[in-house]
Amino acid sequence: MKSTDFLNQAVSVIIDRPLGSQHPQHGFLYTINYGYLPGVILPDGDGEPLDAYVLGVETPVTQFTGRCIAVIQRADDCDDKLVIAPEGAAYTDEDIVALTAFQEQFFDSRVLRG
């Protein structure tokens, strides 16, 4: 299984770092909801459940089901991130880069589409 297998699929995300929360080690603020897919651990990943950014939800939530519209792949880290949005929501690659920059600015990452 690869992170790109989730492109265009409906997925459910557990949000463990809701919008407005602070990273426990690095101190930056989460400007969008961020979580993971429970039970999904990629063979070439970091050994933790697959992470996901949730776009288009303007309040902190504890879980979310939406469509995977993109994958952020890091060249300097083995921790891909899914990009999840409400059904029918459209975001450009530039939108995704801007909305995830609070964390992705520290990595060499690119946006992959299906």
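**View 1. Phenylalanine 28, a buried ring in a predicted model.** With a relative accessibility of 15%, phenylalanine 28 counts as buried, because buried means under 20% relative accessible area. Phenylalanine 106 is exposed instead, at a relative accessible area of 54%.

**View 2. How phenylalanine 28 and phenylalanine 106 pair up.** A pair of aromatic rings is described by the distance of the centres and the angle of the planes. The structure holds seven aromatic pairs in total. In the one shown here, the ring centres of phenylalanine 28 and phenylalanine 106 are 6.3 Å apart and the planes meet at 35 degrees, so the pair is tilted. Phenylalanine 28 sits in the loop between strand E1 (10-17) and strand E2 (33-36), while phenylalanine 106 belongs to the loop between helix H1 (93-104) and strand E6 (109-112), so this pair ties together parts 78 residues apart in sequence.

View 3. Tyrosine 30 is in the loop between E1 and E2 and phenylalanine 102 is in helix H1, so the pair ties together parts that are 72 residues apart in sequence. Both tyrosine 30 and phenylalanine 102 are buried.

**View 4. One aromatic cluster brings these rings together.**

**View 5. Arginine 74 over a ring face.** To finish, here is a charge over a ring: arginine 74 lies over the face of phenylalanine 107, 3.5 Å from the ring centre.

Methods. Residues are numbered from 1 along each chain as its sequence is written. This is a predicted model: local features need pLDDT of at least 70, side-chain atom pairs count only at pLDDT 80 or more; totals for chains, interfaces and linings use all residues. Side-chain values use heavy atoms; hydrogens and water are left out. Rings of Phe, Tyr and Trp (its six-membered ring) pair if their centres lie within 6.5 Å; planes under 30 degrees apart count as stacked, over 60 as edge-to-face and the rest as tilted. Helices (H or I, at least four residues) and strands (E, at least two) are DSSP runs, numbered from the N terminus. Buried means under 20% relative accessible area, exposed over 50%, partly exposed in between (1.4 Å probe, protein chains only). A charge sits over a ring if NZ of Lys or CZ of Arg is within 6 Å of the ring centre and within 35 degrees of the ring normal.
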